[in-house]
Amino acid sequence: MLGVEQLHQALAAASIDLRKHAEMLRQENKDALYSAFENQQLRNFFSEFSFDSELTIGSFSLRQANCLKKDLVWDEDFKRGLKYSLLILGSGISGDMVTVDLLDFQAGILFQDYFWERPEEDPKEFLVKLNCSLGQFYLNSIQLPEYPIDAYEAAEFMNSPFTGYADI
């Protein structure tokens, strides 16, 4: 569902030492996790991939799991995403957001400009799904030279009807 094995492969390919960066998920974040998500695999994911900092994997970052409570309480973008069943887990070098659709667990890249400039609209309109799990997404970002690094490239890569080339 989330591509746990592929994320392990991506971390290894990015030369990230899991033992060095591992951090136990703090109780307040476990409590926030259990109150926010019913899905056990999602809960397990956050526990397994809890690091001492945000990590860079390929062209994208992966948020720190121990910021979950803070994100749920303070981060308006994070809360807005969840309202529409989108879990924002990282970002690219352009600021576009790495996102998982919680209805089908596909990873994608969310156009950050549209997300911020059109707060009244459903952000799924600005999400380009890449037809893969989160783990596969990060692994692809390392292994595939032609893999998109932002939402514009993702739209082209996936032949998306929404390309982002319009007035905001």
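Reader: What makes E5 and E6 a pair of strands?

Author: In this predicted model, E5 and E6 run antiparallel and are joined by 3 bridges, and since two strands pair if at least two bridges are found between them, E5 and E6 count as paired. One place to look is Gly 108, whose bridge partner in E6 is Lys 129.

Reader: Why are E3 and E6 called edge strands?

Author: The open sheet has 4 strands in the order E3-E4-E5-E6, with antiparallel pairing. Strand E3 (86-91) and strand E6 (127-129) each pair on one side only, and they are called the edge strands for that reason. On average, neighbouring strands of this sheet are turned by 35° against each other, with direction ignored.

Reader: Which helix packs on the sheet, touching E3, E4 and E5?

Author: That is helix H8 (residues 134-143), whose direction makes about 150° with that of E4. Another helix, H9, lies across E5 and E6 and runs at about 45° to E6.

Reader: What makes E3 a mostly covered strand?

Author: Of the 6 residues of E3, 5 are buried, and buried here stands for under 20% relative accessible area.

Reader: How do you know that the buried residues of H1 line one face of the helix?

Author: The buried residues of H1 are Leu 7, Ala 10 and Leu 11. Seen down the axis of H1, these buried residues fall within an arc of 100°, and so they line one face of the helix. As background, an α-helix has 3.6 residues a turn, so residues three or four places apart point the same way. The face of H1 turned away from the buried side carries Glu 5 and Ala 12, which are exposed, while the buried residues pack against helix H2 (18-21), H4, E1, strand E2 (60-62) and H8.

Reader: Which members of the largest nonpolar core touch the most other members?

Author: The core has 50 residues, and the members that touch the most others are Leu 7, Phe 46, Phe 137 and Tyr 138. If residues up to four places away in sequence are not counted, Leu 7 touches Phe 45, Phe 49, Ile 57, Leu 62, Gly 135 and Tyr 138.

Reader: Where do the buried residues of H3 lie around its axis?

Author: Helix H3 (residues 27-36) has Asn 29, Ala 32 and Leu 33 as its buried residues. Seen down the axis of H3, they fall within an arc of 100°, so they line one face of the helix. These buried residues pack against helix H4 (40-48) and helix H5 (68-74).

Reader: Why does Ser 50 count as buried?

Author: Ser 50 has 3% relative accessibility, and because the limit for buried is under 20%, Ser 50 counts as buried. Its place is in the loop between H4 and strand E1 (55-57).

Reader: How do you know whether Phe 105 and Asn 159 are buried or exposed?

Author: Each value has to be set against its own cut-off. Phe 105, in the loop between strand E4 (97-101) and strand E5 (107-110), has 11% relative accessibility and so counts as buried, the limit being under 20%. Asn 159, in the segment after helix H9 (151-158), has a relative accessible area of 71% and is therefore exposed, the limit being over 50%.

Reader: What makes the phi values of Phe 105 and Asn 159 worth a remark?

Author: Most residues other than glycine have a negative phi. Phe 105, however, has a positive phi near 60°, and Asn 159 has a positive phi of about 55° although it is not a glycine.

Terms used: Residues numbered from 1 in each chain as written. Predicted model: local features only at pLDDT ≥ 70, side-chain atom pairs only at ≥ 80, totals over all residues. Heavy atoms only, no water. Core = buried A, V, L, I, M, F, W, Y, C linked by side-chain atoms within 4.5 Å. Buried < 20%, exposed > 50% of the residue type's maximum accessible area, 1.4 Å probe, protein only. Contact = heavy atoms within 4.5 Å. Helix = DSSP H or I, 4+ residues; strand = E, 2+ residues; numbered from the N terminus. Arc of directions from axis to C-beta. Axes fitted to C-alpha atoms, helices over the stretch in contact; angles between N-to-C directions.
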